[in-house]
Amino acid sequence: NVFRPQQQIPKVQAIVALANGLGLQPPSNPDKILQTYKDANQIPAWARNPVAAATAAGLVVNHPDPTVLNPNKLATRADVSALIYQGLVKVGKAQPVNSKYVVKP
């Protein structure tokens with residue numbers, strides 16, 4: 001119940017917030033989905049299921065390497081914009097963009 005609009009947010013927290021906000025359920029094989037990322041071992045335990053759900057749903061966009069999540073790096077405006085856009089695609093409010101940076105497990 002604390003709102004800190006000036007506080008920066010790690011990329012993993014932005015992904016988890018969107019996955020939870022959309023009510024995404026973790027896939028039956030979250031560890032297999034997370035193998036998509038070379039740095040999957042850096043995803044905190046509390047975030048593994050929501051990140052797997054977001055990945056399976058096509059919400060995650062990684063640039064320049066789609067196989068590197070950088071979960072604990074601070075999210076950029078581009079990271080958040082791409083996540084939100086992909087969330088809009090997921091709920092049918094935006095058209096999909098064909099990009100090699102959209103993670104496909």
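View 1. Just after H3, Gly58 adopts a positive phi of about 80°. The model shown here and in every other view is predicted. Gly58 is also one of the residues touched by Gln86, a residue of helix H4.

**View 2. Gln86, a buried residue of helix H4.** Gln86 sits in H4. Is Gln86 buried or exposed? Its relative accessibility is 9%, so Gln86 counts as buried. The cut-off for buried is under 20% relative accessible area. Leaving out residues up to four places away in sequence, Gln86 touches Gly58, Leu59, Val61 and Val102.

View 3. Helix H4 spans residues 77–90 and includes Ile84. With 48% relative accessibility, Ile84 counts as partly exposed. Exposed would require over 50%. Ile84 belongs to a nonpolar surface patch, together with Tyr85, Leu88, Val91 and Val97. Together these residues present about 400 Å² of accessible area.

**View 4. The largest nonpolar core.** This core holds 22 residues. Which of them have the most contacts inside the core? They are Ile15, Leu34, Tyr37, Ile43, Val51, Val60 and Leu69. Three helices each supply at least two core residues: H1 (11–21), H2 (30–34) and H3 (48–56). H1 gives the largest share, 6 residues. In soluble globular proteins, nonpolar side chains tend to be buried together.

**View 5. Val51 and its partners.** Val51 is among the core residues with the most contacts inside the core. Which residues does Val51 contact, leaving aside neighbours within four places in sequence? The partners are Val12, Ile15, Val16, Leu34, Tyr37, Ile43 and Leu69. Among these partners, Ile15, Leu34, Tyr37, Ile43 and Leu69 are also listed with the most contacts inside the core.

**View 6. The buried side of helix H3.** Val51 is one of the buried residues of H3. Against which helices do the buried residues of H3 pack? They pack against H1 and H2.

**View 7. Pro71 in the loop between H3 and H4.** Pro71 lies in the loop that joins these helices. Pro71 has a relative accessible area of 0%, so this residue is buried. Beyond residues up to four places away in sequence, Pro71 touches Pro10, Lys11, Val12, Asp39, Gln42 and Ile43. Two of these, Val12 and Ile43, are also in contact with Val51. Pro71 and Pro44 are 27 residues apart in sequence. Their C-alpha atoms are 8.4 Å apart in space.

**View 8. The whole chain, for orientation.** The protein has 4 helices and 0 strands. Along the sequence, the pattern is α-α-α-α. The radius of gyration is 13 Å, close to the 13 Å that the globule rule gives for 105 residues, so the protein is as compact as a globular protein of that length. Along the principal axes, the C-alpha atoms fill a box of roughly 35 × 30 × 25 Å. Of the 105 residues, 39% count as buried. The accessible surface comes to about 6600 Å², and 53% of this area belongs to carbon and sulfur atoms. Among contacts with a separation of 6 or more, 74% are between residues 24 or more positions apart.

Note on methods. Residues numbered from 1 in each chain as written. Predicted model: local features only at pLDDT ≥ 70, side-chain atom pairs only at ≥ 80, totals over all residues. Heavy atoms only, no water. Core = buried A, V, L, I, M, F, W, Y, C linked by side-chain atoms within 4.5 Å. Buried < 20%, exposed > 50% of the residue type's maximum accessible area, 1.4 Å probe, protein only. Contact = heavy atoms within 4.5 Å. Patch = residues over 30% accessible without salt bridge, like charges linked within 9 Å, V, L, I, M, F, W, Y side chains within 5 Å. Areas by Shrake-Rupley, 256 points an atom, 1.4 Å probe, with all protein chains shown as cover. Salt bridge = Lys/Arg side-chain N within 4 Å of Asp/Glu carboxyl O. Rg over C-alpha atoms; globule rule 2.2 N^0.38 Å.
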